[in-house]
Amino acid sequence: MEAISAKESRVVMTEIVMPNDTNPLGNCMGGRVMHLIDIAAAISARRHARTTCVTAAVDEIVFLAPVPMGSVLVLSASVNLACRTSMEVGVRVELESLASRLRTHCASAYLTFVALDETGRPMPIPPLGAETADEKRRMKAAKKRRERRLARRSERQ
Ligand SMILES: CC(C)(COP(=O)(O)OP(=O)(O)OC[C@H]1O[C@@H](n2cnc3c(N)ncnc32)[C@H](O)[C@@H]1OP(=O)(O)O)[C@@H](O)C(=O)NCCC(=O)NCCS
């Protein structure tokens, strides 16, 4: 299979935090941010695999700053590593001030997706072409995370 460039899986999703998304403090609920992360990552995975993909695992998510109602969230996602049937997608969430256009990093996450064939079984995906220095750095870091993830998985089994 021919490699697909990491750029092809890039997703930028912009959302506004509405009253229904908030907790009693008036800040966006963590679960809402997680939902948006899962959607951005799923689109990215699907852009790479070009078939149905399911979330197999989500690594630790850290919320770095509160996100008040009315904030604009910008989620950037791309595939960091493609293995046989699974891939790691990295998502960075930033809060954008519409007045200053300044962005604050408010959350990051790494998700593992598995590509499925029409019978629902894991199917092989194209390799990932990492071209830029950033893409290569992300791939290297993703390989280390995958080793840790698979070690945890075998401990659970
Ligand atoms: C994800 C799923 C398809 C994996 O099925 P499986 O029978 O365990 O598949 P395999 O053991 O053949 O593994 C397939 C790939 O998934 C990876 N994988 C499976 N579980 C994983 C985990 N917990 N963490 C990281 N990778 C995982 C394997 O490493 C393998 O990757 P590779 O082919 O690139 O090396 C299956 O567990 C599933 O359907 N889970 C539910 C998914 C879902 O519904 N998600 C929505 C959230 S509720």
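Threonine 14 touches Val72 and Val74, leaving aside residues up to four places away in sequence; contact here means C-beta atoms, placed from the backbone, within 7 Å. The model is predicted: local features need pLDDT of at least 70, side-chain atom pairs count only at pLDDT 80 or more, and totals for chains, interfaces and linings use all residues. Residues are numbered from 1 along each chain as its sequence is written.

Threonine 14 lies in strand 2 (residues 11–16); strands are DSSP runs of E, at least two residues, and helices are runs of H or I, at least four, numbered from the N terminus. Threonine 14 counts as exposed because 9 other C-beta atoms lie within 10 Å, where exposed means 12 or fewer, buried 20 or more, and partly exposed in between. Its C-alpha atom is 9.7 Å from that of leucine 95, 81 residues apart along the chain.

Nonpolar side chains tend to be buried together in soluble globular proteins. The largest nonpolar core has 36 residues, and Ile37, Ala41, Met87, Val89 and Val91 have the most contacts inside it. Such a core is a set of buried Ala, Val, Leu, Ile, Met, Phe, Trp, Tyr and Cys residues joined through C-beta atoms within 7 Å. Helix 1 (30–49), strand 5 (72–82), strand 6 (86–96) and strand 7 each give two or more residues to this core, and strand 7 gives the most, with 8. Isoleucine 37 touches Leu75, Val91, Val93 and Ala109, not counting residues up to four places away in sequence.

Around the ligand are 14 residues, of which Ala57, Cys83, Arg84, Thr85 and Ser86 come nearest; a residue is near if its C-beta atom, placed from the backbone, lies within 6 Å. Strand 3 gives the most to this shell, with 4 residues.

Terms used: Contact = placed C-beta atoms within 7 Å.
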